Amino acid sequence: MGKGKDKNLGSPKRSVDSPKSPKIRGGGDGSSSSSSSPAFRREQLLRSSPLPPITVTPYPLSTSTEMAMAMSSEAQALQERVKVLSDIVHELQKARDDNIPHMNAINALSDRIVSEEKLTVANRGKLKGMYEKCIADTDREAALMQKALRTVYQIRNIRHDLRIQAKNSGNKETIRRGALMKMLLNCAQTLPLWIGNAGEKPPALCGAIPPEPNYVAKVNDMVACLVRGSEGEDNWILAEVVSYNATTNKYEVDDIDEEQKERHTLSRRRVYPLPLMRANPELNPEALYPKGSIVMALYPQTTCFYKAVINRLPTLATEEYEVLFEDPTYADGYSPPLMVAQRYVIQIKEGGKKK
């Protein structure tokens with residue numbers, strides 16, 4: 001198919017410092033009694049670096065999409081959402097700044113308690129009040145972060161709708177290959193991050209969580225598809241859903257690669273949906289593929305999926321998997337480590353040709 005691989009290719013951090021429990025006054029050997037003060041565990045609260053200035057760098061658009069933007073009222077809505085996002089980020093930074101004195105006060109009182117080797121009832125009550133205030137401030141920060149994320153997703157959806165609007169109007173898409181790669185990267189980086197409540201399990205199609213058995217991909221969704229090449233070989237490619245026929249259980253999909261310009265009619269077993277949300281490694285590591293898992297991953301700078309082994313997991317929501325692609329041209333049978341976003345890593349599907 002002409003898509004061979006190219007080998008040349010927010011929340012506050014907490015650090016815990018736990019010295020030995022303070023000696024109990026009146027007990028030279030450090031032994032405790034029922035009337036002694038309780039041991040105090042030192043918690044050092046640290047604030048991460050300030051938020052970076054907001055910059056909106058959208059993925060490249062085709063000429064037809066830019067024309068649609070110029071003629072669409074949605075373009076105005078897009079600009080309004082960007083302004084809202086900027087305001088939220090500034091409000092979030094102010095909330096973070098306002099919280100710093102409260103964190104410093106907790107640290108100062110904790111240092112004094114450790115120094116005096118005594119936790120009095122008064123200091124206990126004072127610390128409790130300070131922590132409750134800090135927790136309330138942090139909850140406000142979290143609410144603003146979620147509001148900012150929702151706005152990012154709104155911006156993302158508007159831009160996607162504009163592209164589809166241009167495509168459906170009959171205008172010819174003219175996205176160059178370099179711009180296509182940037183668009184795919186942007187789609188992966190702006191994929192919604194799943195944020196659940198305490199104890200809530202990640203839903204289907206969040207990270208490595210598979211889809212429901214009866215799931216049907218929506219029109220315009222990106223999917224992985226097993227198609228037959230010109231030389232009779234099977235390849236897993238990245239495509240976009242055009243339609244789904246519930247009677248025949250078949251999809252019509254367009255190859256995402258502009259150079260191919262192909263439409264395929266495929267059964268459901270030959271179409272696999274991509275993740276709709278990113279998993280947060282810090283909160284939901286169970287929604288990631290374990291190290292050593294065999295998966296299908298999009299080879300960098302191509303639009304084809306190949307079999308690969310998970311070599312290293314992301315540790316932050318913004319990080320990618322490090323994978324080793326199966327490749328017989330290397331002595332050990334695997335390519336050097338390459339980075340692939342959560343968006344483009346799916347469960348292993350047999351039928352594709354090894355590369």
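**A serine and some salt bridges**

Author: Let's start with a side chain: a polar atom of Ser 293 lies 2.7 Å from the backbone oxygen of Pro 290. That's a polar contact (a pair of N or O atoms within 3.5 Å; within protein, one must be able to donate a hydrogen and the other to accept it, and residues adjacent in sequence count only if both atoms are side-chain atoms). Before going on, a quick note: this is a predicted model, where local features need pLDDT of at least 70 and side-chain atom pairs count only at pLDDT 80 or more, while totals for chains, interfaces and linings use all residues. Residues are numbered from 1 along each chain as its sequence is written, and side-chain values use heavy atoms, with hydrogens and water left out.

So where does Ser 293 sit? You'll find it in the loop between strand S7 (271-273) and strand S8 (294-298). Helices (H or I, at least four residues) and strands (E, at least two) are DSSP runs, numbered from the N terminus. Ser 293 is buried, because its relative accessible area is 17% and buried means under 20%, with exposed over 50% and partly exposed in between (1.4 Å probe, protein chains only). Leaving out residues up to four places away in sequence, Ser 293 touches Ala 308, Val 309 and Ile 310, where a contact means heavy atoms within 4.5 Å.

Those contacts point us to strand S9 (residues 304-312), which also holds Arg 312. Arg 312 forms a salt bridge with Glu 322, with the closest N and O atoms 3.8 Å apart; the term means a side-chain nitrogen of Lys or Arg within 4 Å of a carboxyl oxygen of Asp or Glu. Glu 322 lies in strand S10 (residues 321-325), so this pair ties together parts that are 10 residues apart in sequence. Glu 322 is buried at 16%, whereas Arg 312 is partly exposed at 36%.

The structure holds eight salt bridges. One of them joins Glu 91 and Arg 140 at 3.6 Å, N to O. This pair links distant parts of the chain, with Glu 91 in helix H2 (residues 74-116) and Arg 140 in helix H3, 49 residues apart. Lys 94 and Asp 98 meet in another, at 3.0 Å. Both of these residues lie in helix H2, four residues apart, about one turn of the helix. Lys 94 counts as exposed at 52%, and Asp 98 as partly exposed at 38%.
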